[in-house]
Amino acid sequence: MTRGTSASLFRLCTSKNNRSKVSSLHFNRYFHSLGKLDNCVSEKCTPNPSFDTTKLHHFTFLRNFAHLQTVSKGGRFTAFNHVGTRLLSSSIENDSDNDKVVCDSGKEDLQHENGLEFGESTGFGDRNEVKFEDRDHYLNVSIIYDNESSKPVNYQKVAMQDPVELYRELCDSEKNPQYRRADWDVLQEIFHCFAKSGWAANQALAVYIGASFFPTAAHKFRNFFFKKCSPELACYLAELGPSNDAIKFIFPIFVEFCIENFPDEIKRFKSLVESADLTKPHTWFPFARAMKRKIIYHCGPTNSGKTYNALQRYMKAKTGIYCSPLRLLAMEVFDKVNANGVYCSLLTGQEKEFVPFSNHIACTMEMASTNELYDVAIIDEIQMMADPCRGFAWTRALLGLMADEIHLCGDPSVLDVVRKICLETGDEFYEQHYGRFKPLVVEARTLLGDLKNVKSGDCVVAFSRREIFEVKMAIEKHTKHRCCVIYGALPPETRRQQATLFNNQDNEFDVLVASDAVGMGLNLNIRRVVFYSLSKYNGDKIVPVPASQVKQIAGRAGRRGSIYPDGLTTTLHLEDLDYLIECLKQPFSEVKKVGLFPFYEQVELFAGKLANVTFPQLLEKFSENCRLDGSYFLCRHDHIKKVANMLEKIQGLSLEDRFNFCFAPVNIRDPKAMYHLLRFASSYSQKLPVNIAMGMPRGSAKNDQELLDLETKHQVLSMYLWLSHHFEEETFPYVTKVKAMASDIAELLGESLTKANWKPESRGGKPKPDKKENEYERPRSLIEIYEK
């Protein structure tokens, strides 16, 4: 017997009782026409003698072309394009005076030419109705091919109904709904948009439907809705269309559905969320809340005297704590306060210097204690509350320090959010505004791209290590000036040594070449700040330097009490001057949110709700499920996750050990430093004394690769000291030796920088890849430019 599409269609039109199935073919779910058989031509003819047509007077021939689609096993459609429906017979019974088309139900097995078998129940009624079965979820609903006049009369009253009432009506509905084809298509789009809606997913968190479970819940709600939806509700939603209004309308119904159908999932996620709750962080410090603290915000630009005034109050107090953004600045305050006859100790991640009888302490922000009582506390550079990585340390200090007076020093960017926090904590809040002692002047005459125009007291600011050394080499080769160098990878001791060398007027080092590290933490006698460029690499692409950072760096020029009280700034290239002026004119941008990060105890509580997850997975799930108030954001922790992934191979570390190791000060882009951290953690996990196992260099660096090696060695030593202060000291028994090695390497770095005259290399020493089209190209070597 002939098989295939044509034969199957032909067999479908005949039956023993000579009744046709041609009408049912049009409404079959596997053979859906793009339009009705509106152009059918009916004509009478002589019956075909090959059929048993004894009861027939004639056949009706249908002539039309339909675009047919079949559903494959994979859920995709296979099209039979323009299959002719000719010679599909419709029997006309002659048992009445009027010719009447009669059709009964039947089932035919159809087979695609490629072997795909399928079957379908067919039927034809007075209303042109078809049973539609959803290809993904097998929802039995009715699709009605009617015109617009078939809309329910009162469908718009649905908008006035209560969502709970609507949901109850859906639950009580027993009949399968009937949809118009147009309404069905729109409903499909609406629920697709709902499942993808970020707004709906965020709102669902309020009823403890997590982001990971939301797609599943939306999927099941869609199935429920299509089985139960009334014609009035379907028509109203179809009129709204796939819009925000439609999503907001069905969301309350979705909530009722979830509460009734997913109680266990809601309970589990609620417990998970409560363990990752970072809302109301001011309640984390009950002893600080029991005090009536006085908050004084010293608000002003650089060189305005705000920190000086706060330090005067700090030194007059009986007890005090100074919280610094940098080790370097903590060391500077430590030296200054002790020089003024006030005993002060130093506490950073790497240093612990306790001065006998001292009641004052200078520390880095992360080391500030919230368990001690102080008369006066200073939080310097308070605007760093908004820092995406370290902002949580400033937030913690503001909320948790137990001091009668807390002096905040910084620019006005976080003034409003600090004022709001003080309302929540119940602290008294005062503002003191400062202006710059001498205005910062922009020189309209740039260096015109020629570093020969550099003068004594200039600070040339570049934003990459390579550019810093190229500028230094070009200046020293083509002028009589000598350059000091400061950048972030240098240890604090070396930066202080370079700053002292530059400030001293009795030597030949009269020009400073620095990175953005010069923006805070050092008192420098800078006459003019010259920007080598105003763009930098942010780890992903080259971007303009933010206006706030430009203002911070440019403000280092001119300092009260120095030999250059008047500050000047300009650029190397004329094309950068307009951007510099624009940045300096801009007001400080207002910060809306400040950083938070959980304590170990909060992470431990969250871990108790999950089973069989690694520490990186734990951090990821915490960030997904934590809740925050509107004034806070969760700080970035990419570097923490990278260290955590590296430590996964080490067995025997507790959750607290992993947490602490992940906060170690390591350069995650330096493979050597990461290797040493891995080795330290491995020894610690085996309960072995952690050895440094690193040789000392024989002398100062003779090329850039040796200089990079010195920088890495000092970072490893600094990391060892940090770990010794955060773990049991007997596990890190070589602290004294490491301190001596770090001091020696810092001196070698200083010596190396003063005589550096080599071409800089990139860390890792890999050859540069071929330049891609439209890729950013850094400026060529200044040495090569001048030698041409």
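Biologist: How many residues line the second largest pocket, and which of them lie nearest its centre?

Modeller: The model is predicted, so local features need pLDDT of at least 70 and side-chain atom pairs count only at pLDDT 80 or more, while totals for chains, interfaces and linings use all residues. Residues are numbered from 1 along each chain as its sequence is written, and side-chain values use heavy atoms, with hydrogens and water left out.

The lining of the second largest pocket consists of 40 residues, and Thr 302, Asn 303, Ser 304, Arg 556 and Arg 559 are nearest the centre. A pocket here is an open set of points on a 1 Å grid over the protein atoms alone, where a 1.4 Å probe fits, with protein on both sides within 12 Å along at least five of seven lines; lining residues have an atom within 4 Å of a point. The volume of the second largest pocket is about 890 Å³, taken as the space filled by probe spheres set on the points, which are joined across faces, edges and corners.

At least two lining residues come from each of helix 11 (306–316), helix 12 (327–339), helix 17 (547–554) and helix 18 (577–585). Helices (H or I, at least four residues) and strands (E, at least two) are DSSP runs numbered from the N terminus. By class, the lining has 14 nonpolar, 14 polar and twelve charged residues; Ala, Val, Leu, Ile, Met, Phe, Trp, Tyr, Cys and Pro count as nonpolar, Asp, Glu, Lys and Arg as charged, and the others, Gly among them, as polar.

Helix 12, one of those contributors, also packs on helix 16 (residues 492–503) at an angle of about 65 degrees, with the axes 9 Å apart. Axes are lines fitted to C-alpha atoms, for helices over the stretch in contact, and angles run from 0 to 180 degrees between N-to-C directions. In helix 12, Arg 327, Leu 328, Met 331 and Asp 335 meet Pro 492, Glu 493, Arg 495 and Arg 496 of helix 16, contact meaning heavy atoms within 4.5 Å.

Helix 23 (residues 671–685) and helix 24 (residues 704–726) pack at about 30 degrees, with axes 9 Å apart. Helix 23 is therefore roughly parallel to helix 24 (under 35 degrees; over 145 is roughly antiparallel, 65 to 115 roughly perpendicular and the rest oblique). Their crossing is right-handed. The contact of helix 23 and helix 24 includes His 676 and Phe 680 on helix 23 and Val 716 and Tyr 720 on helix 24; its residues divide into seven nonpolar, two polar and two charged.

Helix 19 (residues 600–607) meets helix 22 (residues 655–662) at about 135 degrees, with axes 11 Å apart, and the two are therefore oblique to each other. The crossing of helix 19 and helix 22 is right-handed.

Key:
A crossing is left-handed if the near helix is turned anticlockwise from the far one by less than a right angle, and right-handed if clockwise.
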